[in-house]
Structures are given as structure tokens and as C-alpha cells.
Amino acid sequence: MINIQRLSEHIEQLSLIGRTADGGINRFSYTDDEKRANELVAQYMKVAGLTVHYDAVGNLIGSQAGSEDLPVILLGSHIDTVPDGGRFDGSLGVLTAIEVIHSLKEQGIALRHPVKVIAFKDEEGTRFGFGMIGSRAIAGTLSTTDLLRMDEDGVTIEQAIANYGLERRPLSSAKLDNVKCYVEIHIEQGKVLERSDTAVGNVTGIAGPLWLKFQLIGLAEHAGATPMNQRQDALVGASLVIAEVEKMAKQYHSSVATVGKLIVKPNGVNVIPGEVEWTVDIRDIDEDKRNLLENDIKQYAETIAKERQLHLHVNELQRVEPVQCDENIQNAIKESIQALGETVISLPSGAGHDAMQFKPNFPVGMIFVRSKDGISHNPKEFTSEEDIEKAAKVLYKTIVKLDR
């Protein structure tokens, strides 16, 4: 049913592009390495019988016509990475989808519905601090204002698209309509399946990520000449808020909050920090709880700023609603898992995925694959070949069921 040797070779070959010294991967949006990766994946798509093209923002799309005039089934994920990321996050979903279509073709199974396999542009948000560019474009929610967001070198998304060599087209041309559903395979990035000794799981929903940028401004002064009781140290204020973020998140059992990026200015050994910026990533499957945690953190930051005579600015980078996976798709996935003789485990996703962008447009479903030790966004990220093969078979069976 699935050529696991071919799929494993594709995973290995793709992982070589952007490889770092310690075995991780740096593959950021609109870079030369990402372009090389897209070109390689495009070759896999063509060999699988898919017709390949890039849309207005650079989504790589492989299309297959259906035997009937029906809505399209979307499959895929992303191939960009976080800094020093792993080889399976995102890439596994794209390559497994291609392998399933390739296997169906080899076995002479013609689908009634047309299918599109998509490698979405910039799911991670690493370069521009704004994720899911490609899936937003497919959903029709990416705006021209969004394209003005800049990376650390001052390059806007719009400029990056032009530098990438893509044909200039209106954003509206990337939006896909007449879609039956979207299904994605992804590594779990957690330990639920591993602790249940289960290879594959059915995803019930996706927690919505909220990204905030905090800025505290104090006064940069000489570290030796300024008495402790006369300082407006932005870093000390920031550290108090950052420590409280962890404490607050633990009070909401389903919530997580992470400070992942920190910039200190002027960043000198003998200078009191006058300005600090940091990001907070807040997630929960329950939007109300997420909003309560957000307000708690903001109020505490305001209190610290007032007490220490600092100026506080908070900007929202992105706010994505939690998503529930479609019941019919979930049933198809669970039946496919049972057909392999596996135990059915259903679980929510704490990590965000491209599927979240399609909530208002069409139903979505996700299949999780076991991650060793729950490690992801890390060179140690690992999923076994045996588990990948089982997941590919589940996707294969699920597509056949959804095609009825």
C-alpha cells in the first residue's frame, strides 16, 4: 500500500537542505535553502503524477484531477523550520501526502474528488514573526497590510516575495474555493501517544496561538555611577514579568505560555539596560481561558511598569482562534486507525498548524504520529519509520473514505 523506503529516502534527502552543524535544520521562508527544498519537493510531486505550480505567495501546490466534478480534497503541511529545527515537523505531512497520492496512482485507484497537495509558505513565522503566510493566503485572509511586516533586516514580506522571483499576482488569486476538506499528518510534538504506546492518533482540535510583543523602556545609565535606588532598569522589570508569566500559566491547567525571544538594549556589560523587548506565546484549546491569562499578564506588566517608573508598550503579533476538527473526518481517521488493528487515541493539539486558518472556510482533520520523548523544534526530533508507515496507511485509508 505504501512504499516506505521511497518515503524514508525523501525525508532524508529533504533534511539535508539547510542542515546545521549539529544536525538541525535552518530553512526559513523565501531563502535560497527554502527555494532548493521546494524544487526538490516539486520533483517528488511530478513523479507522483501531480501537476505543479506556485501561487501568489509561493505556496507549492501539486494538483490531481478527480474523475468527477467535485470539491477538492486538500492535503499537506509546511517545509520551513524554526531555527535549528527537526527533520519531521511539517515536512513529514507534505512528503507523506505525496507518497499516498503516488501509491494510489501505482495501484490504479482513481479518486472521484480532485486533490491538491500543498507545501504551505512560512507556517512557523520564524523570519517575520508572523506565521502561516501560505495558509492565510489559501483561506483568503492574508492582507496587503500583512505583507508590509518586516524581518530583522528590514525586508518586508512583499519584498521577499519579489526577491524570490515569484510572478506578481493579486493575493486574491491564491484563495481556494470549492474545497471539500483539509487533512494533515503531523508529528505530535508531545508525549501523549508515546505514553499510550500508540503510533498514530486522531486530533480533536487545535489550540489557538496568541503572540504578544512587550516593550519596557527605562533609562540607560552608567552601571557604576548610578545608585541602586535611582535606577530605571528595564531588564529587571522585564525579568519580574517574565517570571510571573510562568506562574500564571500554571494556574490555568490547559494553558501554556512561553517567552521565546528577548532583546536587550544597549546590551553592554557596564550599561544599565534602558529598553527590553520580549515575546509571549499564549495557547489554549479554550479561547476564554486564553483571554483571561492574557489579561492577567498584561495587568501584572502594567503594575511592574508603574512601580519602577518604566514605560510599557504591548503589541499583538497574531491572534488565532482555537479550531475543532470535523466530526466526520475524525470518524474516518478513527476507522482507519482501527482497520490497522491499532488502539484509537483522540487528543487535542497544543501546537498551532496551518489547518487553523481554514476554520471559517471548510472542515479540517489531523492525524498525529508519535514523537520520541515528545521532542520537537529540535535536532533530536525523531519519529520511527514504522510509525511513519502506519500514519501513511491511516492517511491513505482516510482519503479513500472521504472520497466516497
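**Exercise 1.** By class, how many nonpolar, polar and charged residues does the lining of the largest cavity have?

*Solution.* The model examined here is predicted. Begin with the cavity itself: the structure holds 1 cavity of 30 Å³ or more, and the space in the largest cavity amounts to about 30 Å³. Next, list the lining, which consists of Asp-80, Thr-81, Val-82, Gly-85, Gly-86, Asp-89, Glu-124, His-377 and Glu-381. Finally, sort these residues by class, with Gly counted as polar. The lining has 1 nonpolar, 4 polar and 4 charged residues.

**Exercise 2.** Determine how helices H1 and H2 are oriented to each other, and describe their contact.

*Solution.* Helix H1 spans residues 4-15 and helix H2 residues 32-47; they pack at about 165°, and their axes are 10 Å apart. Angles over 145 degrees count as roughly antiparallel, and H1 and H2 are therefore roughly antiparallel to each other. H1 supplies His-10, Gln-13 and Leu-14 to the contact, while H2 supplies Ala-37, Leu-40, Val-41 and Tyr-44. In this contact, 5 residues are nonpolar, 2 are polar and none is charged. The crossing of H1 past H2 is right-handed.

**Exercise 3.** Carry out the analysis for H1 and H10.

*Solution.* Helix H10 covers residues 385-402, and its axis comes within 10 Å of that of H1, crossing at roughly 115°. H1 is therefore roughly perpendicular to H10. Ile-4, Leu-7, Ser-8 and Ile-11 of H1 meet Glu-385, Ile-388, Glu-389 and Ala-392 of H10. Sorted by class, this contact has 5 nonpolar, 1 polar and 2 charged residues. The crossing of H1 and H10 is right-handed.

Definitions and conventions. Residues numbered from 1 in each chain as written. Predicted model: local features only at pLDDT ≥ 70, side-chain atom pairs only at ≥ 80, totals over all residues. Heavy atoms only, no water. Axes fitted to C-alpha atoms, helices over the stretch in contact; angles between N-to-C directions. Helix = DSSP H or I, 4+ residues; strand = E, 2+ residues; numbered from the N terminus. Parallel < 35°, antiparallel > 145°, perpendicular 65-115°, else oblique. Left-handed = near helix turned anticlockwise from the far one by under 90°. Contact = heavy atoms within 4.5 Å. 1 Å grid on protein atoms, 1.4 Å probe; cavity = no way out; pocket = protein on both sides within 12 Å on 5 of 7 lines; lining within 4 Å. Points joined across faces, edges and corners; volume = space filled by probe spheres on them.
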